[in-house]
Amino acid sequence: MAVAKELAETIIDPKAYSLRDPVDAAFRTIRAQTPLDVATLDDVEPFWVVSRHADIKEIERQPDIFHNGDKSTFLTNMEGNEKVKMLTGGEPNLIRSLVSVDGLEHKNLRGIVFPHVTPRAIRPLEDRIREIARDFVDHMLTFDGECDFAQDVAFLYPLRVIMTVLGVPQEDEAFMLKLTQELFNNADPELNRARAELTPEEALKSLWETTMELENYFAAVTKKFRDNPTDQVNSLIANAKIDGEYLNHRQMMGYYIIAATAGHDTTSNTAAGAMWAMAERPGMLEAMQANPDLINAFVEESIRWEVPVKHFMRSAVSDTEIAGQKIRAGDWLMLSYQSGNRDEAVWDDPFDFRIDRGSSNPQIAFGYGVHVCLGQHLARMEMRILWEELFKRLKSVEMNGQGERTISNFVCGPKHVPVRFTVQ
Ligand code: HEM
């Protein structure tokens with residue numbers, strides 16, 4: 001069997017992700033009928049659709065067999081793949097970041113930042129993050145009962161947190177936000193670089209221009225932190241040595257870029273989606289105000305629900321078998337975190353947002369295994385603190401019109417969440 005063509009078309013369609021229900025419905029059928037099978041579409045190299053939670057974990061558990069860096073780590077078309085190779089001198093990914101390297105290179109690079117982002121290492125940041133959260137709650141309350149929670153709070157707060165952790169000055173935040181949105185939302189005319197519908201060729205050109213602009217910015221960052229090292233993450237990257245050598249240009253740029261971009265857009269999407277879900281569910285705010293321990297469960301459920309990273313790709317290094325299916329060396333696979341997080345085998349009622357699932361929710365939105373999200377503890381902590389501070393001040397909140405999601409099939413979420421609220 002193969003994945004039905006119309007379902008395969010839906011699960012790669014950026015517009016379908018902006019509506020979300022069509023994608024959820026397509027994956028529901030895929031999980032029932034062809035849970036691990038090949039999608040064959042025009043212009044795209046055939047790829048396996050990995051839709052079940054257990055199969056995603058099984059593949060991520062075997063990084064020696066399923067590589068990140070041999071092919072594009074996110075879904076692209078064949079023409080795009082060729083152009084990227086031309087631009088990079090043969091590499092399949094425009095950016096050589098942690099998510100696009102394997103083996104020892106990955107282990108060494110990850111080891112530079114990993115000790116600084118464990119739950120214990122980030123605990124001292126809690127007070128500073130709480131101050132930032134209070135500033136943004138105050139900012140929200142200045143809107144006098146109505147705001148766009150995505151634009152006015154959710155996009156700005158994680159940005160301030162991550163830029164503080166990285167060591168990027170506040171005056172550069174707007175620049176970083178703009179470039180991050182360009183990088184992840186190339187299919188969305190409201191957010192991409194050209195502010196227009198783009199042909200695949202134009203889309204790649206604009207991604208390249210954004211990447212070059214980020215690289216120019218970070219070139220100066222390296223000099224700054226080599227001259228004056230600090231304990232901030234960009235300084236760790238600038239000064240790190242592997243076998244006595246500084247990181248090479250592509251490794252260093254890839255590291256800065258992934259930390260600066262993945263470090264806020266994902267969390268912003270999750271916080272915006274959490275507010276949207278809560279604002280549509282009377283009684284949820286009051287339940288958490290009465291029992292703040294539920295906030296951790298709310299955070300986990302919002303990550304499961306929103307799944308801001310919709311997929312990552314892997315490619316097989318050798319022939320192998322997963323869930324009875326024969327995968328061949330060279331095959332390309334889409335790990336659909338969106339589908340994994342709706343898997344009926346793992347959750348009762350996966351299409352509802354519930355805060356009674358507990359804080360050990362097995363959601364897979366941070367991935368799994370050696371590439372599991374480096375910022376997962378920071379993301380959880382900053383969202384918990386935001387909700388703790390906001391829920392102390394809010395009396396009620398409800399949607400004030402229709403929310404809107406970004407047009408993208410990769411890293412995305414709500415871009416407008418209009419709410420009406422009262423304060424205590
Ligand atoms: C709700 C928020 C977030 C979500 C859902 C998320 C999701 C993900 C996912 C799915 C991966 C790939 C995992 C895999 O391949 O198994 C990943 C990797 C990564 N994330 Fe996050 N992320 C979030 C927040 C953050 C933050 C705050 C940071 C920065 C501090 C960050 C930095 C990274 C990095 C550096 C990687 C690459 C890790 C590696 O390949 O070794 N992320 N993230």
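1. The largest nonpolar core has 111 residues, and F149, F218, F298, W387 and V419 are the members that touch the most others. Helix α14 supplies the largest share of this core, 15 residues. Apart from it lies another core, of 20 residues, including I11, V49, L75 and M334. A nonpolar core here is a set of buried Ala, Val, Leu, Ile, Met, Phe, Trp, Tyr and Cys residues joined through side-chain atoms within 4.5 Å. Buried denotes under 20% relative accessible area, exposed over 50%, and partly exposed in between (1.4 Å probe, protein chains only).

2. The model is predicted: local features need pLDDT of at least 70, side-chain atom pairs count only at pLDDT 80 or more, and totals for chains, interfaces and linings use all residues. Residues are numbered from 1 along each chain as its sequence is written, and side-chain values use heavy atoms, with hydrogens and water left out.

3. Within the largest core, F218 deserves a separate entry. Not counting residues up to four places away in sequence, F218 touches M176, N234, M253, Y256, I257 and A260. Contact means heavy atoms within 4.5 Å.

4. Helices (H or I, at least four residues) and strands (E, at least two) are DSSP runs, numbered from the N terminus.

5. For E60, an N or O atom of the side chain is 2.4 Å from an oxygen atom of the ligand. The corresponding separation is 2.6 Å for a polar side-chain atom of R110 and 2.7 Å for one of H106. A polar contact is a pair of N or O atoms within 3.5 Å; within protein, one must be able to donate a hydrogen and the other to accept it, and residues adjacent in sequence count only if both atoms are side-chain atoms.

6. The iron atom of the ligand has C373 (SG) as its only protein donor, at 2.3 Å. Residue C373 lies in the loop between α17 (337-340) and α18. Donors are N, O and S atoms within 2.8 Å of the metal (3.2 Å for Na, K and Ca); water is not among the atoms, so sites may look incomplete.

7. Strand β3 (residues 66-67) contains H67. The side chain of H67 makes a polar contact of 3.0 Å with the side chain of D70. Beyond its neighbours within four places in sequence, H67 is in contact with D102, R314, S315 and V317.

8. R20, in the loop between α2 (14-19) and α3 (21-33), has a phi of about 65 degrees. R20 counts as buried at 8% relative accessibility; leaving aside neighbours within four places in sequence, its contacts are W305, E306, Q338, R342 and R405. For R195, phi is near 50 degrees. R195 lies in the loop between α11 (173-184) and α12 (200-227) and is partly exposed at 47% relative accessibility.

9. Residue D55 belongs to helix α4 (residues 53-60). Is D55 buried or exposed? It is buried, with a relative accessible area of 6%. Not counting residues up to four places away in sequence, D55 touches L36, V50, I322 and A323. The C-alpha atoms of D55 and P35, 20 residues apart along the chain, are separated by 9.0 Å.

10. Finally, T118 lies in the loop between α6 and α7 (119-122) and is partly exposed, with a relative accessible area of 21%. The C-alpha atom of T118 is 6.7 Å from that of H377, although the two residues are 259 apart along the chain.
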